[in-house]
Amino acid sequence: MTLEDAEKLDAADPLAFARARFRLPEGVIYLDGNSLGALPATAQAALVNTVEHQWGDDLITSWTKHDWIDWPTKIAAKLAPIVGAKPSELLIADSTSVCLFKLLAAAVQARPGRRTILSQERNFPTDLYVAHGLCEMVGLKLRTVAPSAVLDAIDDDTAVVSLTHVDYRGASSYDMRDINDAGHAQGALVLWDLSHSAGAVQLDLDGAGCDLAVGCGYKYLNGGPGAPAFLFVAERLQDELRSPLQGWMGHAEPFAFDDDFRPATGIGRFLTGTPSILALAALDAGLDTFEGIAMADVEAKSRALSQLFIDEVEARCGSEVRLASPRDPAIRASHVVFAYADGYAVMQALIARGVIGDFRAPDLMRFGFTPLYNGFADVFNAAQILADILGSRQWDQPRFRTRAKVT
Ligand SMILES: Cc1ncc(COP(=O)(O)O)c(C=O)c1O
């Protein structure tokens, strides 16, 4: 592959037009959309409009005049084609950690007598911490097993299987259908964390028989730093499940101001408090970047980009770096990790040269490929810069070794 070949791929790319939907700084190759998506070109105006005209001019009347009260479901509906669910099964709310707590607690409550939450060793920490905290609170047991042992570990004591669909380190993914079927065969519910899947790979939550899911709004969905999360509850379960955080916004009639809680029908019962309108305005702009785009095209380009990166890095760096993502593209999602002992310093040197990825302890350099705005030439150039930094040991400087609070 030459740079000209990569440029030819960009010229033939059916998603190339989507790059104009983002504002990216000149000279930066942004390979961190798996942690914080780039700024949608319309986000700034959307926020200004919400602040100046809605909050500023229309004040409290905006809850009705601009439908603020319905934004958590209205904006969630834009996620439906991205994750393969019905609009009525999705809600924007809280953070991923809080959504996890709500749905895990609702699930264990719906499976009385079962004492186990089953998860994976080395799951994303928040998934384990939330499950552990809930177990301590209600007297359950958190069991974690290796990914390959999950299917066999599901039994009639399992209340809920809680897994991250795409691993945040290596990008390996589970077969949702297999896990859902195995969970259901044992009478368990299954909860998926889609933080590294939604907006990156093609999902069919309904088709795969999913029960429950949560995910981040600020990664591939481009909702901005600290964007609210989303949650999914299959329609068939909505009346059965109860949120453990039953706040007034999840009430059937919040403005009746009853002393007693009566859950709303449908997904609305999983709301807790007043939605964060400014954050929702930004997430709305993020979801609009997917308008008219087929997730099959996104997934195909994501695989092509990550494969090109792996091929180019391995061709240039040989055994100096070790691929720590699955080699099989069928089970690899949209990011790639290479292990290198001084990976932190190398990543800082890359950032200094305009190639932005991130680092996950102890030694993983992580590169996320966002098909809506990354191109083949970007990937080609990033691999070349990485090889140059490694070959010249440019990373071996004190300024690149100082660990920041966020890696
Ligand atoms: C798999 C996964 N779950 C959850 C989170 C974060 O959750 P929260 O939005 O509560 O910070 C992350 C963040 O990187 C993640 O990778």
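Two strands pair if DSSP finds at least two bridges between them. Helices (H or I, at least four residues) and strands (E, at least two) are themselves DSSP runs, numbered from the N terminus. With that in hand, let us walk through this predicted model, where local features need pLDDT of at least 70, side-chain atom pairs count only at pLDDT 80 or more, and totals for chains, interfaces and linings use all residues. Residues are numbered from 1 along each chain as its sequence is written, and side-chain values use heavy atoms, with hydrogens and water left out.

Contact here means heavy atoms within 4.5 Å, and angles run from 0 to 180 degrees between N-to-C directions, with axes being lines fitted to C-alpha atoms, for helices over the stretch in contact.

Aromatic rings come next. Rings of Phe, Tyr and Trp (its six-membered ring) pair if their centres lie within 6.5 Å; planes under 30 degrees apart count as stacked, over 60 as edge-to-face and the rest as tilted. The count by this rule is 14 aromatic pairs. One of them joins F309 and F367, which is tilted because the planes stand at 50°, with the centres 4.7 Å apart. Since F309 sits in helix α11 and F367 in strand β15, the pair ties together parts that are 58 residues apart in sequence. Buried means under 20% relative accessible area, exposed over 50%, and partly exposed in between (1.4 Å probe, protein chains only). F309 is buried at 0%, and F367 is buried at 1%. Ring pairs also link F309, F338, F367 and F369 into a cluster.

Y340 and W395 make an edge-to-face pair, 5.9 Å from centre to centre and with 85° between the planes. Y340 is in the loop between β12 and α12, and W395 in the loop between α13 (376-392) and α14 (398-401), so this pair ties together parts 55 residues apart in sequence. Both Y340 and W395 are buried.

Elsewhere, 7 strands form another open sheet, in the order β4-β10-β9-β8-β7-β5-β6, with mixed pairing. Its edge strands, each pairing on one side only, are β4 (90-93) and β6 (141-145). Within it, strand β7 (residues 158-164) and strand β8 (residues 189-193) run parallel and are joined by 5 bridges. T164 has D193 of β8 as its bridge partner.

Helix α9 lies across β7 and β8, at about 150° to β8. This helix (residues 176-185) holds N180. Is N180 buried or exposed? N180 counts as buried because its relative accessibility is 0%. Apart from neighbours within four places in sequence, N180 is in contact with V190, W192, A208, G209 and C210.
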